[in-house]
Amino acid sequence: CFLIERGASAFLTVGPAALALCRELGLGDDVTPPLEPGGTFVWHDDRLVPVPDGIGLGIPTRFTPFLASRLFSPLAKLRAAIEIVIPPDPSAGDVSIGAFLRRRFGGAVVDRLAGPLISGVYGAAIDELSLDALMPRLREAEQRYRSLVRAGLAARGRGPAGPLLVTLRRGMGSLIDALAARLARVDMRLGVDLRWVERAGPGYATHLGDGSRVVADAVVLATPAPAAARALADLAPAAADALAPITYRGTAAVSLAYDARQLAGPLSGHGFVVPDGALAIAACTWSSAKWPERAPQGTVLVRATVRSDALLAQGDDALVDAAHGALVRAMCIQGRPVLARVARWDGAMPRYTVGHLDRLARIGAALLPFPGIVLAGAAYRGAGVPDCIAQGQAAAETILAAEAVGT
């Protein structure tokens, strides 16, 4: 059978929270590294071109593979090479990741490499994404080494010993199942929306969509930012107003399976990314080539990411046709998929646009008069699985610390 991920298919090991939780829940032996060979491709000039070695999220740190790459013209390579002598930007204030990298490496590197790779991770255009919120280390590296290439060369050999990205052998859903089993004695109400929060004596009362009311000493709002804003509109209108500028975009994961004989040859690598608008999809993960036990012998499982608003407004059949058409063009697939599954996530990807940290500061200030109201989740300080776990743990620690002071 096929193992198809509807949501996140893996998590980074750089932040320890996800790995630690897996071990705490007895899933340590299920943590699985990606298969070899690795490697990612970029759709360029109507073909898949390998990402050069030594590229970290689109930033060249090794000159020889970069200079040999077919992705760039000699002039674009020369423009990128002078990054090593471009002085740091003395101005303060948040800027977009795209603007920062364009100043250092030129437009070709951003449009063809950094943009697709970084946008694929964060779900928004690179020229909208906040440098200070998502990649503050780039600014720090620029100031310390006066060049991102120099910083990358200095960091070589100091990376983590294990893989940067891992998954769980039985799928990421096994983490949710194990956590739910651990919380079996907790009052969990699934499929019920939160309407509003109000004061209730020294604590708070939450009003739910099924008409029930839950009174608690503290409330952790781990909802998307718009839902948190609606819940706080009467209790803390200034916080609700500060939450409103955090916007989201939708995405769909289209998983398609093929008989291996439908492909031009065996898959070698983990997938490819697509510059904005070049194909109907934004990226494609070769799931069965990246992770073990994802597809039966003799079959191939891939997952295409669709972010086009025009496509997302159409039905599932249209998404499958668009994704399949893009794969036919990129991978020379023959015939129709033997299996197709669509997972839609409408308005599920928060956009960390320029000024994100300032927005968080305003939200925090607006919530100061409401001890016991804590925000956590993908909209605030990281949307990845380890980030969200760490925020949940930090929220619990904040509440426990406040209670300890109160007693």
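**Labels and their cut-offs**

Student: Why is Glu-293 called exposed?
Tutor: Glu-293 has a relative accessibility of 55%, and exposed means over 50% relative accessible area, buried under 20%, and partly exposed in between, with a 1.4 Å probe and protein chains only. Because 55% is over the cut-off, Glu-293 counts as exposed. Before we go on, this is a predicted model, in which local features need pLDDT of at least 70, side-chain atom pairs count only at pLDDT 80 or more, and totals for chains, interfaces and linings use all residues. Residues are numbered from 1 along each chain as its sequence is written, and side-chain values use heavy atoms, leaving out hydrogens and water.

Student: Where is Glu-293, and what is its phi?
Tutor: Glu-293 sits in the loop between α12 (287-290) and β15 (299-306). Its phi is positive, about 60 degrees, although Glu-293 is not a glycine. Helices here are DSSP runs of H or I with at least four residues, strands are runs of E with at least two, and both are numbered from the N terminus.

Student: What makes Cys-332 partly exposed?
Tutor: Its relative accessibility is 46%, so Cys-332 falls in the partly exposed class. Cys-332 also has a positive phi, about 55 degrees, without being a glycine. Its place is the loop between α14 (316-331) and β16 (339-350).

Student: And what about Pro-16: buried or exposed?
Tutor: Exposed, because its relative accessible area is 63%. Pro-16 lies in the loop between β1 (11-12) and α1 (17-24).

Student: Which residues does the cis peptide bond join?
Tutor: Glu-36 and Pro-37, with omega about 0 degrees. Pro-37 belongs to the loop between β2 (31-32) and β3 (40-44).

Student: Why is α7 called roughly perpendicular to α8?
Tutor: Helix α7 (residues 136-145) and helix α8 (residues 148-155) pack at about 95 degrees, with their axes 8 Å apart. Roughly perpendicular covers 65 to 115 degrees; angles under 35 are roughly parallel, over 145 roughly antiparallel, and the rest oblique. The angle is within the perpendicular range, so α7 is roughly perpendicular to α8. The axes are lines fitted to C-alpha atoms, for helices over the stretch in contact, and angles run from 0 to 180 degrees between N-to-C directions.

Student: Which residues make that contact?
Tutor: Leu-138, Ala-141, Glu-142 and Tyr-145 of α7 meet Leu-148, Arg-150, Ala-151 and Ala-154 of α8, where contact means heavy atoms within 4.5 Å. They divide into six nonpolar, no polar and two charged. Nonpolar covers Ala, Val, Leu, Ile, Met, Phe, Trp, Tyr, Cys and Pro, charged covers Asp, Glu, Lys and Arg, and the others, Gly among them, are polar.

Student: How do you know that helix α10 is largely enclosed?
Tutor: Six of the eight residues of α10 (residues 225-232) are buried, so the rest of the structure largely encloses this helix. The buried ones are Ala-225, Ala-227, Ala-228, Ala-229, Ala-231 and Leu-232. Their cover includes β8 (194-200), α11 (237-243) and β12 (248-259).

Student: How do you know that the radius of gyration agrees with a compact globule?
Tutor: For 407 residues, a compact globule would have a radius of gyration near 22 Å, and the chain has 23 Å, which agrees. The radius is taken over C-alpha atoms, and the globule rule is 2.2 Å times the number of residues to the power 0.38. Buried residues make up 45% of the chain's 407 residues.
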